[in-house]
Amino acid sequence: IMAPLFLFISDMALVHTLAVAVTTALLYGAGLLFLRSLRAGRTVSLLGALLLVAPVSILSFEYYQSALYYSFFLLALLLMWAFMARALRRHMTVRRRWTWLLLCGALALVMGMCGIRYLEIFFLPLGGVAALNILRDGPFKPDSWRRQTLYLVLCTLGLASYLVTALAQRAGLLPRGALSAPTFTQPGQLLQKFQETLTSYWVAGHSVGPGGALLWMAILASALWLCLRYKALCRACQDYLLFTLLANVVNILVLTAVDFGGIVQYRYALLPCTLLWFLPPLAIADLLRADGSAWRRCSAGGLAAAVLLCSAFGAYYNVLHMVTQPQIANDRAAVVHYLETEGYTFGYADYWDANVLTYLSNGAVEAAPVAVDPATGTLLPFPLGCPKDYFQSVPGREKKFLLLGPEEQAAAVPCGAPLYENQTFSVYEAPSALLLP
């Protein structure tokens, strides 16, 4: 979204603001299409999609609407489910059905190219749904084989796309991510990692105060209601419920079994946790669909009001009342002022600081991301999400800086005497070893 805007606008703050507005509109539209495709009804869909605009947690606001970090992942998941549900409807012209099927296939190829994350959070659970449905219905039931065939074909396309992309990256034809090979949790630490994983789910879906607990109670109550009403649900809702439960089980197992180099990051639970947020709208739709009794209407209205109020109040209360690390923000601004004053236009910094330097300087200072090798304490290039020439010798970049934050300084990276330092950051002359061969 941002790239084409930079063709016409040079102000980074304005580009980010416009990108946030466009992404928020896309998220709401995708949520609306998703719920409508699962036959949640017009009113429930309009209200349920607000969960993506009035976010459930502060973490979802930061990653989906502010930093725009996982926005594409979420959009792809919602659109894929909407496309699949519409492609599998019974009464439809051949042309329209093939349109939805082609959209499903194209999106599966794109999702596979985006990395192993989609294999874990989408294709593996979707394959599990197909396998369980085949075990339940048999492979040749008329209403079932088309659905399971579509799911398995999409899984095959996603896996093939991922493998082709990985081979192209290994051959140097495509830029390669900087992720290291995973290591597994030691058996004696499994219980601790499991507890950390559950904590990450609480943070990913938590809003402020009692509202967070009430929101999780609504999600769990909705999941229980849908499970009890499973046979009465439409096939798309049945499959989404099963998919959501499998996706979260798989994610919990992965976060518990794989060692990511420290405590489980809260963001790893955000995407599968977001899938759970759509269970209350689906439960409300089922309550209203079952019959028109007064208690069902009151229950549905009360649940809808509670979910939306807890969601919006919890997230935006935190946004409007928090002060995010003012000392670090002031020190980072001072670093940018020093670099601009001394005439630095290019250098190296930690992954989480590099883009911020460019943003705060409105593009005057560019920084390539680097990381600390935990084994040797030396700096290594971290070529993730940046141009290739950031780690190549380019005329005009002879004067380069190296910015180290608290974590890099604690690793005792050998860099000589600092050119500038404050309470948080230190600036050094950049070593030539950060160039890629």
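Predicted model: local features only at pLDDT ≥ 70, side-chain atom pairs only at ≥ 80, totals over all residues.
**Helix α15 and its surroundings**

Good morning. In α15, the buried residues are Asp 331, Arg 332, Val 335, Val 336, Tyr 338 and Leu 339. Viewed down the axis of α15, these buried residues fall within an arc of 160°, so they line one face of the helix.

An α-helix has 3.6 residues a turn, so residues three or four places apart point the same way.

On the other side of α15, the exposed residues are Asn 330, His 337 and Thr 341. As to its dimensions, α15 comprises 16 residues and reaches 23 Å from its first C-alpha to its last, which is close to the 22 Å expected at 1.5 Å a residue. Just after α15, Gly 343 adopts a positive phi of about 85°.

Arg 332 lies in helix α15, which spans residues 326-341. Is Arg 332 buried or exposed? With a relative accessible area of 17%, Arg 332 counts as buried, because the cut-off for that class is under 20%. Leaving aside neighbours within four places in sequence, Arg 332 is in contact with Asp 353, Val 356, Leu 357, Leu 360 and Phe 425.

Trp 98 is located in helix α6, residues 94-113. Together with Val 94 and Leu 102, Trp 98 forms a nonpolar patch on the surface. The accessible area of these three residues together is about 370 Å².

Finally, I place these details in the context of the whole protein. The model contains 17 helices and 8 strands. Of the 437 residues in the protein, 45% are buried. The protein exposes about 22000 Å², and carbon and sulfur atoms supply 67% of that area. Among contacts between residues at least 6 apart in sequence, 69% join residues at least 24 apart.

Definitions and conventions. Residues numbered from 1 in each chain as written. Heavy atoms only, no water. Helix = DSSP H or I, 4+ residues; strand = E, 2+ residues; numbered from the N terminus. Buried < 20%, exposed > 50% of the residue type's maximum accessible area, 1.4 Å probe, protein only. Contact = heavy atoms within 4.5 Å. Patch = residues over 30% accessible without salt bridge, like charges linked within 9 Å, V, L, I, M, F, W, Y side chains within 5 Å. Areas by Shrake-Rupley, 256 points an atom, 1.4 Å probe, with all protein chains shown as cover. Salt bridge = Lys/Arg side-chain N within 4 Å of Asp/Glu carboxyl O. Expected span 1.5 Å × (residues − 1). Arc of directions from axis to C-beta.
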